[in-house]
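Please look over the sequence and the model shown here. The paragraphs that follow go from single ring pairs to the strands, helices and cores.

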Amino acid sequence: LAQALSIQNFQASRLGSLVVRTTPPSLKMSASPTWDSENTYSLGMDEEVFKGKIPLLDPHFYDSVSTVVEKLNAGKIAVEDGACVVKSASTGTFFVLYENGLKEQVFFKLGITEDLMEPVQTGMMG
């Protein structure tokens with residue numbers, strides 16, 4: 001009965017890899033959040049870095065990492081494969097956002113290695 005009620009009251013529309021959900025508050029899951037604004041990585045301003053690998057959320061509707069995190073955790077939107085790219089309206093920079101526990105998988109998909117994340121030492125070495 002609960003499953004039938006859930007299906008009856010659940011509406012979803014698909015926008016590429018983004019699923020927009022309209023779920024009554026009484027049916028939302030109360031699990032701990034799986035999205036966190038700490039789970040991001042700056043991809044710069046070049047779409048080619050992620051194009052065809054991780055879906056870009058429509059920047060006209062989703063232009064802030066923190067807003068997207070809130071909507072994902074509230075169940076208002078969902079993305080496939082636990083990752084998406086958000087273009088920041090304030091900086092024009094693309095950020096990959098991934099679910100807890102998926103960092104290595106997402107970085108592998110994008111070709112990001114840990115040595116690329118390390119700060120580069122400048123000046124005299126020795």
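Rings of Phe, Tyr and Trp (its six-membered ring) count as a pair if their centres lie within 6.5 Å; planes under 30 degrees apart are called stacked, over 60 edge-to-face, and the rest tilted. This is a predicted model, in which local features need pLDDT of at least 70 and side-chain atom pairs count only at pLDDT 80 or more, while totals for chains, interfaces and linings use all residues. Residues are numbered from 1 along each chain as its sequence is written, and side-chain values use heavy atoms, with hydrogens and water left out.

Four aromatic pairs are found in the whole structure. In one of them, the ring centres of Phe61 and Tyr62 are 6.5 Å apart and the planes stand at 55 degrees, so this pair is tilted. A residue is called buried under 20% relative accessible area, exposed over 50%, and partly exposed in between (1.4 Å probe, protein chains only). Phe61, with a relative accessible area of 60%, is therefore exposed, whereas Tyr62, at 10%, is buried. Tyr98 and Phe107 make an edge-to-face pair, 5.9 Å from centre to centre with 85 degrees between the planes. Both Tyr98 and Phe107 are buried. Ring pairs join Tyr41 to Tyr98 and Phe107 in a cluster.

Now the overall fold. The protein has four helices and six strands, where helices (H or I, at least four residues) and strands (E, at least two) are DSSP runs numbered from the N terminus. Along the sequence they follow the pattern α-β-β-β-α-β-β-β-α-α. Of the 126 residues, 25% are buried. Contact here means heavy atoms within 4.5 Å. Among contacts with a separation of 6 or more, 64% are between residues 24 or more positions apart.

Helix H2 covers residues 65-74, and its buried residues are Val65, Val68, Val69 and Leu72. These cover an arc of only 100 degrees around the axis, which puts them on the same side of H2; the arc is that of the directions from the helix axis to the C-beta atoms. The buried residues of H2 pack against strands S3 (40-44), S4 (77-79), S5 (83-87) and S6 (94-98). After H2 comes Gly75, with a positive phi near 80 degrees.

Strand S5 has four of its five residues buried, so the rest of the structure largely encloses it. S5 pairs with S6 in the antiparallel sense over five bridges; two strands pair if DSSP finds at least two bridges between them. Lys87 stands opposite Phe94 in S6. Six residues lie between the strands of this hairpin, where Gly92 has a positive phi near 75 degrees.

Asn39 lies in the loop between strand S2 (18-22) and S3. At 14% relative accessibility, Asn39 is buried. Leaving out residues up to four places away in sequence, Asn39 touches Val96, Leu97, Tyr98, Glu99 and Asn100.

What makes up the largest nonpolar core? A nonpolar core is a set of buried Ala, Val, Leu, Ile, Met, Phe, Trp, Tyr and Cys residues joined through side-chain atoms within 4.5 Å. The largest has 13 residues, and those with the most contacts inside it are Leu43, Phe50, Ile54, Val85, Val96, Val106 and Leu110. S5, S6 and helix H3 (103-110) each give this core at least two residues. Neighbours within four places in sequence aside, Leu110 contacts Leu43, Val49, Phe50, Lys53, Ile54 and Val96. A second, separate core has 12 residues, including Trp35, Val68, Val69 and Val86.
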